[in-house]
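Okay, thanks for coming, everyone.

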Amino acid sequence: QVQLVESGGGLVQAGGSLRLSCAPSGSIYINYMAWYRQAPGNQRELVACIFGGGRTNYADSAKGRFTISRDNAKNTVYLQMNSLKPEDTAVYYCNADPTMPVLSLGGRYWGQGTQVTVSS
């Protein structure tokens, strides 16, 4: 069973930066890789995604501040988050799929989630 292993969450002050990383535990083909987040009382939402060919898609709240990238050789996806705001506080989930899922729902594999807390 494939597991996605995440790292990089934590506590940061507003205006600071964090980088999240995620990779599958086994060797599998992955096309779609993404980061979602869920704040208390809110639904899980797409933050950014990247496809095998390198095409990316960002939520409006992430544009200009966050950058998603991937290392295909390592099957690893990264989310560089700059200029963080308190409203970015949430549990961030890595997501991956061999195909192209419905973006609002996410793909087949999910990470366990990593907490990002931005203090004001």
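Let's begin with a charged pair: Arg37 and Glu45 meet through their side chains in a salt bridge, at 2.8 Å from N to O. Before I go on, keep in mind that this is a predicted model. Now, how enclosed are those two partners? Arg37 has a relative accessibility of 7%, so it counts as buried, under the 20% cut-off. Glu45 is at 36%, so that one is partly exposed.

How many salt bridges does a search of the whole structure find? It finds four. One of them is between the side chains of Asp60 and Lys63, at 3.1 Å, N to O. Asp60 is out in the open, if you like: it's exposed, with a relative accessible area of 64%.

Then there's Arg65 with Asp88, where the closest N and O atoms are 2.7 Å apart. That pair links distant parts of the chain, 23 residues apart: Arg65 sits in the loop between β6 and β7, and Asp88 in the loop between β8 and β9. Both Arg65 and Asp88 are buried.

Okay, on to the rings. The count comes to three aromatic pairs. Take Tyr32 and Phe51: the ring centres are 5.4 Å apart and the planes are at 55°, so we call that pair tilted. Tyr32 is in strand β4 and Phe51 is in the loop between β5 and β6, so the pair ties together parts that are 19 residues apart in sequence. Buried or exposed, Tyr32? Buried, at 0% relative accessibility. Phe51 counts as buried too, at 7%.

Elsewhere, ring pairs link Tyr36, Tyr93 and Trp110 into a cluster.

Last stop, the strands. Look at β3, residues 18-24: five of its seven residues are buried, so the strand is largely enclosed by the rest of the structure. What does β3 pair with? Four bridges join β1 to β3, running antiparallel, and Glu6 has Cys22 as its bridge partner in β3. Five bridges join β3 to β8, also antiparallel, with Met81 in β8 as the bridge partner of Leu18.

Terms used
Residues numbered from 1 in each chain as written. Predicted model: local features only at pLDDT ≥ 70, side-chain atom pairs only at ≥ 80, totals over all residues. Heavy atoms only, no water. Buried < 20%, exposed > 50% of the residue type's maximum accessible area, 1.4 Å probe, protein only. Helix = DSSP H or I, 4+ residues; strand = E, 2+ residues; numbered from the N terminus. Pairing = 2+ DSSP bridges. Phe/Tyr/Trp six-rings, centres within 6.5 Å; stacked < 30°, edge-to-face > 60°.
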